[in-house]
Amino acid sequence: MKKTNTKKALTIMFAGMAAVAFAVGMIFITDAVKLGSFRGGKEVYGTVYNYDIRHSTGSKGYICFLNCRYVDERGHNYFTDVQYNFTWQSREKAESIGKAHLDKTVKMFIKSGSCITETEMKRYPVFLSLSIVMPCVAAILLVVPITVMYGRKRSVVDKAVDNDEDYLI
């Protein structure tokens, strides 16, 4: 009786992990689609015109977001933000990074009236591969425990049937 409850609990646990892996995969798919929509876009060079410092509750530090802008020949402004890759423990350090990047040139991609930086575009292959891997992980987390659970039950039943046939002969 306890084995059955343990197997059910393990199956439910793996099903929950599969659901989480699937949901994370869907998030990566949406990010990959968003970034992939800029493939083949026009490459331009904009500038960092400002920065924002935000407190990160997860790392208990500060994150520097660089505000980028490109102005085309018609005078249209394209804006985007990019997170600087480091989380700093002090606000002063994050601000010094932001100040150091002011008026620096940034490679950007423009398509359909929107733009992103090259840094964001470099994340596309990672998001694309994770959007494929995570649903596969979800399938493995769901199928393997169920197969093992029912495979063991069946092998026990098959042995019992084989033993009965031996007695009939």
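Here is a quick tour of this predicted model, from the overall layout down to single residues.

Being a predicted model, it had local features taken only at pLDDT of at least 70 and side-chain atom pairs only at pLDDT 80 or more, while totals for chains, interfaces and linings use all residues. Residues are numbered from 1 along each chain as its sequence is written, and side-chain values use heavy atoms, with hydrogens and water left out. The chain has 4 helices and 5 strands, where helices (H or I, at least four residues) and strands (E, at least two) are DSSP runs numbered from the N terminus.

**Overall layout**
- Reading from the N terminus, the elements go α-β-β-β-α-β-β-α-α.
- Of the 169 residues in the chain, 28% are buried; buried means under 20% relative accessible area, exposed over 50% and partly exposed in between, with a 1.4 Å probe and protein chains only.
- The accessible surface comes to about 11500 Å², and 60% of that belongs to carbon and sulfur atoms. Areas come from the Shrake-Rupley method with a 1.4 Å probe, and for residues only the protein chains shown count as cover.
- Take the contacts (heavy atoms within 4.5 Å) between residues at least 6 apart in sequence: 64% of them join residues at least 24 apart.

**Nonpolar cores**
- A nonpolar core here is a set of buried Ala, Val, Leu, Ile, Met, Phe, Trp, Tyr and Cys residues joined through side-chain atoms within 4.5 Å.
- The largest one has 15 residues, and L66, C68, Y70, M108 and I110 have the most contacts inside it.
- Strand 1 (42-56), strand 2 (61-71), strand 3 (77-88) and strand 4 (105-111) each give two or more residues to this core.
- Apart from that core lies another, of 14 residues, with I116, M121, Y124 and F127 among them.
- Leaving out residues up to four places away in sequence, Y70 touches K42, V44, Y45, G46, H76, N77, Y78, M108 and I110.

**Strands and their neighbours**
- Strand 4 and strand 5 (residues 114-117) run antiparallel and are joined by 4 bridges; strands count as paired if DSSP finds at least two bridges between them.
- The two form a hairpin with 2 residues between them, and S112 in the turn has a positive phi of about 55 degrees.
- M108 stands opposite T117 in strand 5.
- S56 lies in strand 1 and is buried, at 13% relative accessible area. Not counting residues up to four places away in sequence, S56 touches G61, Y62 and I63.

**Helices**
- Helix 2 (residues 91-101) has A94, I97 and G98 as its buried residues. They span an arc of only 100 degrees around the axis, so they sit on the same side of helix 2; the arc is that of the directions from the helix axis to the C-beta atoms.
- E92 and K99 are exposed on the other side of helix 2.
- A138 belongs to helix 4 (residues 124-168) and is buried, with a relative accessible area of 7%.
- The C-alpha atoms of A138 and A18 are separated by 4.1 Å, though the two are 120 residues apart along the chain. A138 touches A18, A21 and F22, not counting residues up to four places away in sequence.

**Cysteines**
- There are 0 disulfides in the whole structure, a disulfide being a pair of cysteine sulfur atoms within 2.5 Å.
- For C115, the closest cysteine sulfur is in C68, 8.1 Å away and so too far for a bond.
- C115 counts as buried at 7% relative accessibility, and C64 is buried at 0% relative accessible area.
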